Amino acid sequence: MDNRAKISIKNLNFFYNDHQAIKDVSLDIKYNEIYAIFGPANSGTTTILKAINRMCDLIPGTRSEGEILLDGRDIRSPDFNITELRRRVGIVFEEPVPLPMSIFDNIAYGPRMSGIKNKAVLAERVEKSLRMAVLWDEVKDKLHSPALRLSGGQQQRLCIARILALEPEVIMLDRPCAALDPISTFQIEESLKLLKERFTIIIVPHNIQQAARVADRAGFMLMGTLVEEGDTDRMFVNPREQKTSDYITGRFG
Amino acid sequence: MRLSPKKAQIIAKTVIWAVAVVIILLLIFIMAYILAKGLPTLSWQFLSEVPRDMGRSGGILSTIVSTLLVTAVAVVVATPFGVGTAFFLTEYTREGRVTRIIRFCAGALAAIPSIVYGLFGFIFFVVYLKLGWSVISGGLTLAVMILPTIIRTSEDAIRAVHPMYRDVSYSLGGTKWQTIVGAVAPSALPGIITGVILGIGRCVAETAAVILTAGSALRMPTSLFSPARTMAVHFYILAREGISMERAYGTAALLIIVILIINVAANILLEKFVAKSR
């Protein structure tokens, strides 16, 4: 594993109007690892993801302090192209939201917006993305039927494929399996393990078990602060902090 | 005397059903009456010939053409303004004083009687802009009249779009414009088209505003600056001046059929469009 930091967060503070959602968080996410940011509801996990690809810019009244470096460049600087940022750092939301169009058009949506018009290139991009998201075999015969007819698990893999079609560098997933059954969850976790060969992955898991199953390293957040981070193998067996221990043994949260 | 809940229930149900039935019967009666009186007059000759002798004989072709032209001008002018305003209100501004003022103005416009639009159109387009009684004056006046309908229905349609569609589009690297065109507009389109169709219906049926701005000349319009008599105006004059009740009913019947066809066709189109994406 490459040991350099793909994303480096330094002393990040984040505010929704007067409410401080993230308090002085610093952490590094390395190339080709799966990093889990976990914690109880409202502890700032989703906010970190939204800060990293600046989806939070869409919410009125938010502001941030500190640095978020992507390959050493601060994404918060005004000259950082925001659409380029979102293509390099894709996000999959908790609720799978296919756009009301065909499977093919959903996957091709991002590449088309980035200016790719060549049909052969698009078709190749769509197939490659669906294969990587382990959805190709299920949908290859109905690429032009509406994506909304897929099952919940298939829709979430479609959303992952849609991100992959952007050929991103980082994939962020916000509780991607919260609305899915155990089999769909298993399929998505398996595909994540394959994807980390090529991408850097940040996941906010919907439970602690998922963090333990898929992540190489994890950070535990509580009320906006980063309590502890480290290798999952160590952290879930032998946490350093009492609060982490209490949370993963189910004493609160 | 107090009613038992059960009796009250029965009475309420009966009254509500009766009201609904009366409404439906009323509609069927009006349609049936006009179609019964008007259909015998409808013939290929009636549709394909221009009126002669003030409309006593001949057909109504020139009024059909006038209706189409005036309505087309109104829709072509009002749709971009109406839909544009709706997108401005929903996507480009935050809720605030500006949106409240625009919405208040649109609401007030919707409440103005059509004869007032006619007077405005007469003073502004016909006299002040020297456009005369013409297709263009009539069309522009109707455009102003249907603007609030289009703004309102489009705005509702855009607001009803799943809010996550915008987030998804932005998260895939879309700009604001790409998001509106690619993710928001396709979902809002059925509702926007419904608004435009409501507008078409109002244009086709309008009399007061048109008579003051497009005039009532029976000649076939040759350009956008020719005076014109629409179907609604034609049958108003036929009936009002006692020229030919029979022909007034014929024109009315055709008007009803046209509006029916527009509605049915639009519904079929929308169903197809929605079925393709769901």
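**Entry 1: where the chains meet.** I began with the contacts between the two chains, bearing in mind that this is a predicted model. I find 22 residues of chain A in contact with 19 residues of chain B. Next I asked which elements of chain A give two or more residues to this side. They are helix 2 (82–88), strand 6 and helix 3 (103–113) of chain A. I also sorted the chain A side by class: 14 residues are nonpolar, four are polar and four are charged.

**Entry 2: the sheet in chain A.** Strand 6 made me curious, and I followed it into its sheet. Six strands of chain A make up an open sheet, ordered 6-7-8-3-9-10, with mixed pairing. I noted the edges: strand 6 (89–92) and strand 10 (225–231) of chain A each pair on one side only. On average, neighbouring strands in this sheet are turned by 15° against each other, if direction is ignored.

**Entry 3: strand 6 and its partner.** How many bridges join strand 6 of chain A to strand 7 of chain A? I count four, and the two strands run parallel; strand 7 covers residues 170–174. For a landmark on screen, I picked A:Val92, which stands opposite A:Leu173 of strand 7.

**Entry 4: strand 3.** I then moved along the sheet to strand 3 of chain A. Is this strand buried or exposed? Five of its five residues (34–38) are buried, so strand 3 is largely enclosed by the rest of the structure. I checked the side-chain directions too: A:Ile34, A:Ala36 and A:Phe38 point one way, A:Tyr35 and A:Ile37 point the other way, and all are buried.

Strand 3 of chain A has strand 8 (residues 200–204) of chain A as a parallel partner, over three bridges. Strand 3 also pairs in the parallel sense with strand 9 (residues 217–222) of chain A, over four bridges.

**Entry 5: over to chain B.** Chain B holds eleven helices and two strands, in the sequence pattern α-α-β-β-α-α-α-α-α-α-α-α-α. I get a C-alpha trace spanning about 65 × 65 × 40 Å along its principal axes. Of the 278 residues of chain B, 38% count as buried. Among the chain B contacts with a separation of 6 or more, 74% come from residues 24 or more positions apart.

Conventions
Residues are numbered from 1 along each chain as its sequence is written. Chains are lettered from A and ligands numbered from 1 in the order in which they are written. This is a predicted model: local features need pLDDT of at least 70, side-chain atom pairs count only at pLDDT 80 or more; totals for chains, interfaces and linings use all residues. A residue is buried if 20 or more other C-beta atoms lie within 10 Å of its own, exposed if 12 or fewer, and partly exposed in between; C-beta atoms are placed from the backbone. Two residues are in contact if their C-beta atoms, placed from the backbone, lie within 7 Å. Two strands pair if DSSP finds at least two bridges between them. Axes are lines fitted to C-alpha atoms, for helices over the stretch in contact, and angles run from 0 to 180 degrees between N-to-C directions. Ala, Val, Leu, Ile, Met, Phe, Trp, Tyr, Cys and Pro count as nonpolar, Asp, Glu, Lys and Arg as charged, and the others, Gly among them, as polar.
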